[in-house]
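The structure is shown first.

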Amino acid sequence: MNLLVIDAQGGGLGKQLIAAVRAGCPGVHITAVGANSAATSAMLKAGADEAATGENAVVVCSRNADVIAGPIGIVIADALLGEITPKMAQAVAQSSARRILIPINHCSNIVVGVEDLSMARLVRCAVAEIDKLCKA
């Protein structure tokens with residue numbers, strides 16, 4: 001399975017997600033794409049197999065992913081303090097990959113009806129979904 005993890009800002013969520021997937025789902029090929037170099041670097045250090053930065057990397061990597069994971073903002077243009085461009089959001093939304101979107105109430109986007117969980121709990125939930133997809 002090819003997992004694409006997309007994150008922005010400092011890459012903290014992506015870093016936690018990649019480390020947890022590495023520990024719980026051996027054999028998954030992980031590509032990390034950061035909206036900026038700090039996010040990319042953090043995810044690469046967490047154990048991504050390969051990494052890239054920027055809008056075009058999101059567009060290209062979204063084409064080949066089986067699963068895309070990241071904060072819900074990756075499908076919202078101008079989210080994550082403006083780091084997610086309309087082309088990035090469109091590429092993720094139109095990808096044939098399954099999307100595991102972590103519901104983070106941040107940057108003026110509020111997801112109602114979702115329990116307010118800690119980041120660690122959200123990461124565990126996301127990894128459980130990725131694990132299900134690996135075994136499917």
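The model is predicted.

**Strands and crossovers**

Strand β2 spans residues 29-34, and five of its six residues are buried. Strand β2 pairs with β1 and with β3. The table lists the two pairings.

| Strand pair | Residues | Sense | Bridges | Example of bridge partners |
|---|---|---|---|---|
| β1 and β2 | 2-7 and 29-34 | parallel | six | isoleucine 6 and valine 33 |
| β2 and β3 | 29-34 and 50-53 | parallel | four | alanine 32 and alanine 51 |

A helix belongs to each of two β-α-β units. β1, helix α1 (residues 12-24) and β2 form a right-handed unit. Another right-handed unit consists of β2, helix α2 (residues 37-45) and β3.

Which residues of α1 are buried? They are Leu13, Gly14, Leu17, Ile18 and Val21. Viewed down the axis of α1, these buried residues fall within an arc of 125°, so they line one face of the helix. Their cover includes β1, β2, α2, β4, β5 and α6. Helix α1 has 13 residues, and the distance from its first C-alpha to its last is 18 Å, close to the 18 Å expected at 1.5 Å a residue.

In helix α3 (residues 55-64), the buried residues are Ala57, Val58, Val59 and Ser62. Among the elements that cover them are β1, β2, β3, β4 and α5 (86-94).

In soluble globular proteins, nonpolar side chains tend to be buried together. In this model the largest nonpolar core has 23 residues, of which Leu3, Leu17, Ile18, Val21, Ile30 and Ile130 touch the most other members. Two or more residues of this core come from each of β1, α1, β2, β4 (67-71), β5 (98-102) and α6 (119-135). Helix α6 contributes the most, with five residues.

What does isoleucine 130 touch, leaving aside residues up to four places away in sequence? The contacts of isoleucine 130 are Met1, Leu3, Leu17, Val21, Cys25, Ala69 and Ile100.

Another core lies apart from the largest one and has 17 residues, including Leu4, Ile6, Val33 and Ala97.

Methods. Residues are numbered from 1 along each chain as its sequence is written. This is a predicted model: local features need pLDDT of at least 70, side-chain atom pairs count only at pLDDT 80 or more; totals for chains, interfaces and linings use all residues. Side-chain values use heavy atoms; hydrogens and water are left out. Buried means under 20% relative accessible area, exposed over 50%, partly exposed in between (1.4 Å probe, protein chains only). Two strands pair if DSSP finds at least two bridges between them. A crossover is right-handed if, with the strands pointing away from the viewer, the path from the first strand over the helix to the second runs clockwise. A nonpolar core is a set of buried Ala, Val, Leu, Ile, Met, Phe, Trp, Tyr and Cys residues joined through side-chain atoms within 4.5 Å. Contact means heavy atoms within 4.5 Å. The expected span of a helix is 1.5 Å times one less than its number of residues. The arc is that of the directions from the helix axis to the C-beta atoms.
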